[in-house]
Amino acid sequence: MNRGQCTYMMASKRNGTLYVGVTSNLIQRIHQHRSGDVSGFTAQYDVKHLIWFEQHATMEAAILREKQIKKWNRAWKLELIEKDNYDWDDLAVGLGFEALY
């Protein structure tokens with residue numbers, strides 16, 4: 001199960017640093033974020049918790065959604081997260097990853 005084309009948000013902790021991304025393989029991408037395989041923003045700010053994602057029929061739709069969300073102010077992003085994940089649970093656990101502490 002690779003979860004197809006997704007737009008997703010990761011966080012360092014509740015109300016912490018946010019990262020908005022897009023991928024064609026969510027499971028692989030979560031692994032990359034958690035293992036630190038990719039240097040850059042998420043590694044620098046320890047952004048490893050999957051807090052929101054949505055699947056799309058096409059990669060083009062996922063990219064458009066990512067661009068839209070990146071333009072939003074922080075309050076709108078928090079509202080989107082908390083609409084379905086009020087407690088900021090790490091959704092990666094439900095996808096087979098171990099809980100981070």
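The structure is a predicted model. Its largest nonpolar core holds 11 residues, and strands S1 and S2 pair in the antiparallel sense. Thr-42, in helix H2, gets a closer look at the end.

**The S1–S2 hairpin**
- Six bridges link S1 and S2, which run antiparallel.
- Across this pairing, Thr-7 sits opposite Val-22 of S2.
- Six residues lie between the two strands of the hairpin, and Asn-15 adopts a positive phi near 60°.

- In soluble globular proteins, nonpolar side chains tend to be buried together.
- Here the largest such core includes Met-9, Leu-18, Val-20, Ile-51, Trp-52 and Trp-88.
- At least two of its residues come from each of strand S1 (5-11), strand S2 (18-23), strand S3 (49-56) and helix H4 (74-84).
- H4 contributes the most, with three residues.
- Another core, of 10 residues, lies apart from this one, and among its members are Tyr-8, Met-10, Leu-26 and Phe-97.
- Trp-52, part of the largest core, touches residues including Tyr-8, Met-9, Ile-69, Leu-80 and Ile-81, leaving out those up to four places away in sequence.

**A look at Thr-42**
- Thr-42 belongs to helix H2, which spans residues 41-44.
- With a relative accessible area of 9%, Thr-42 counts as buried because that value falls under 20%.
- Beyond its neighbours within four places in sequence, Thr-42 is in contact with Tyr-19, His-33 and Val-47.

Methods. Residues numbered from 1 in each chain as written. Predicted model: local features only at pLDDT ≥ 70, side-chain atom pairs only at ≥ 80, totals over all residues. Heavy atoms only, no water. Helix = DSSP H or I, 4+ residues; strand = E, 2+ residues; numbered from the N terminus. Buried < 20%, exposed > 50% of the residue type's maximum accessible area, 1.4 Å probe, protein only. Contact = heavy atoms within 4.5 Å. Core = buried A, V, L, I, M, F, W, Y, C linked by side-chain atoms within 4.5 Å. Pairing = 2+ DSSP bridges.
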